[in-house]
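Welcome, and thanks for taking a look. Here is a short briefing on some local features to explore in your viewer.

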Amino acid sequence: MNLNTFNALCLPPGATLHEALARLDATAQGILLVTDAQGRLLRTVTDGDLRRAALAGVSNEAPLSALPAHPPHTVSLQASQRDVLALMDAQRIDHVPVVDAAGRVVDLVTRRELSQRVYLSSPHLGEDEVALVQEAFTSNWIAPLGPHVDAFERELAARVGVQHAAATSSGTAALHLGLRLLGVGPGDVVLCSSLTFVASANPIKQLGATPVFIDSEPQSWNLSPQALAVALAALQAEGITPKAAVVVNLYGQSAEMDDIAPLLERYGVPMLEDAAESLGATYRDRPSGSFGKLAVFSFNGNKIITTSGGGMLVSNDAALIEHARKLSTQAREPARHYEHIEDGYNYRLSNVLAGIGRGQLRVLEQRVQSRREVFAQYRDALSAVPGLRWMAEPDGHQSTRWLSAFVLAGGDGESPQARRDALLDFLERHNVEARPVWKPMHLQPLYAACRYFPHAPGQDVSRALFEGGVCLPSGSNMSAAQRARVCELVAHGLELSWRSAA
Ligand SMILES: *Cc1c(COP(=O)(O)O)cnc(C)c1O
C-alpha cells in the first residue's frame, strides 16, 4: 500500500465507531491503527472489534477509546519477514504494524503480501519452449550436442551479429574457456572490471593468473576508461602486458566500447567481453557481445533469457570457436579411440536445454521491451523521491535494463549503506526480493590482495555504488499490480529511512 493509504489507516482515539466503520470501508485493508498525537500506536481496530462493540450495545457515536483495551502486537523496524510471519501465526492475526524506535507506527505488513513474493528476476518462458524440448525427447536427442545445440548456436550468433558460437553448460564455463583460448595461464596478469559477479574473476584465478581490478565510471557504472588507461600505462612501465581484459557489461548495458576497445588494442590486450547480463543490448546500434575478440553469454535462471543453466562463447574467429568446442568436450583428438593431447573440460550444453534456449531467443525482443517498461515505470513513479540516482543510459546505449538499479545518497547523518540496508530490510519484510548492487571484487576477501585502479585518485566509484546501490525486482513477467506494489513500497521505505534519520 502507498503512504497515503497507510496514513488513511491512522485514526485518533477520539474518532467515533461510526467514523471508524466508514474509514474501514474506504481503505478496505481490514484494519485501522489508533494512534496518539505523537503517532504512537494505541491499538488496532478490525471489523470484528466494531461488530463485537455493536453487539455489546456500544453506541455508534462512542469514541474508539470506549472499546475494551487491547494491546497491539507489533514488530520493530529490525524485524524480518520470518519474525512477522511467526507473530501472525502465534496470534492468529493477518496484519502486523511496524513501530520505529520512538514507538511511532510507521508501516503495516499484511498476510496477503507475505503469500505473494515478488522475485528479483524469475524465469519467463515463451510459447515454443515446450514443443522444442518435446522434439528433443521425440528424436531421443537427450544428450549434450544434437540438432538443438547446433541451431541454438547459429541463431544466437545471428542475433548477436557474430560469425561463430559454442554453447556451454554455463556462462562461467564459457568465461573459463575464453580465457584459456586467449592463452591465459600461470603468472599472467588479466584485467577485470571490479563491479561484477564473482564469476567474471574466478576463472582468471583458477587458471593460475592474477586479476588486476579496474573501477567503474560514475554515470554508466561500467568499466572506467580513465582507470583502464592508468592501469595499462602503470603495468607497461613495469614491463607487464596483460594477457587479456575481462570487460563486463553490467545490468543489461554495454561498457563504453568506443573508449575501451582502442585503448586495449593500443596495448595489444585482447578483450573478453562478459556479456552475461547484456544479451539484447546495443551500443551504437551494434549488439552487446560483438565487441570482444571473444564474448560470453549466460542463460542462468535469473538472466534475461534462460535455459535453466547454460552459456555461450562467441567470436568472429572460427578457429577459436572450433577449439572451444573441442576443449568443452574433453579435448578429444580426431581418432577412433580416445586420444588426448590437451586437457579439456566437460562444458557442453545439453541438447534438451538448447531447445529451451531456442524458444527463449524467439521472445528476447519482447523480454527486453518488458524490462525497459519495468524500469520506466519505476523511474516515473519514484521521480519525486529525493536522494535516488538511477543507473544512467548514456547516448549511444540501448540497455535491456536487465536489473533496474539505483544508488542512494546519504544525508542527515545517515550513510548511504545504512539507508540501503533499511530499504532492503523494509522490502524483505514485505516479501519483495531486492538486492544490493554487486560487491566489487577488490573489496572481496577472496581478492583482497589484488591490485585495483580507481576511477580517479581517492575516488572509488564501484565502492560507492555498492554501498548505496539497490537492484529492484525487474522480471519481464511482473504483473502491473506487482510493479505498482514495488513502487509504493520503495517510496514508503525510503520515506521512512529519511524520517528515521531526521
Ligand atoms: C551470471 C553471470 C555470470 C555467470 O554465468 P553463469 O551462467 O551463472 O555461470 C558471469 N558474469 C556475470 C557478469 C554474470 O552476471
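This is a predicted model: local features need pLDDT of at least 70, side-chain atom pairs count only at pLDDT 80 or more; totals for chains, interfaces and linings use all residues.

**The β2-β3 hairpin**
- Strand β2 (residues 32-35) pairs with β3 in the antiparallel sense, and four bridges link them.
- Within this pairing, Val 34 has Arg 43 of β3 as its bridge partner.
- Five residues lie between the two strands of the hairpin, and Gly 39 in the turn has a positive phi of about 85 degrees.
- Strand β3 (residues 41-45) is largely enclosed by the rest of the structure, because four of its five residues are buried.

**The α10-α11 helix pair**
- Helix α10 (residues 225-237) and helix α11 (residues 257-266) have axes that come within 10 Å and cross at roughly 10 degrees.
- Angles under 35 degrees count as roughly parallel, so α10 is roughly parallel to α11.
- On the α10 side, the contact is made by Pro 225, Leu 228, Ala 229 and Leu 232, while α11 brings Asp 259, Ile 260, Leu 263 and Leu 264.
- Sorted by class, this contact of α10 with α11 has seven nonpolar residues, one charged residue and no polar ones.

**The three-stranded sheet**
- An open sheet is formed by three strands in the order β13-β12-β17, with antiparallel pairing.
- Because β13 (286-287) and β17 (397-398) are at the edges with a single partner strand each, one side of each is left without a neighbour in the sheet.
- Strand β12 (residues 282-283) pairs with β17 over two bridges in the antiparallel sense.
- Opposite Tyr 283 you will find His 397 in β17.

Note on methods: Residues are numbered from 1 along each chain as its sequence is written. Side-chain values use heavy atoms; hydrogens and water are left out. Buried means under 20% relative accessible area, exposed over 50%, partly exposed in between (1.4 Å probe, protein chains only). Two strands pair if DSSP finds at least two bridges between them. Axes are lines fitted to C-alpha atoms, for helices over the stretch in contact, and angles run from 0 to 180 degrees between N-to-C directions. Angles under 35 degrees count as roughly parallel, over 145 as roughly antiparallel, 65 to 115 as roughly perpendicular and the rest as oblique. Contact means heavy atoms within 4.5 Å. Ala, Val, Leu, Ile, Met, Phe, Trp, Tyr, Cys and Pro count as nonpolar, Asp, Glu, Lys and Arg as charged, and the others, Gly among them, as polar.
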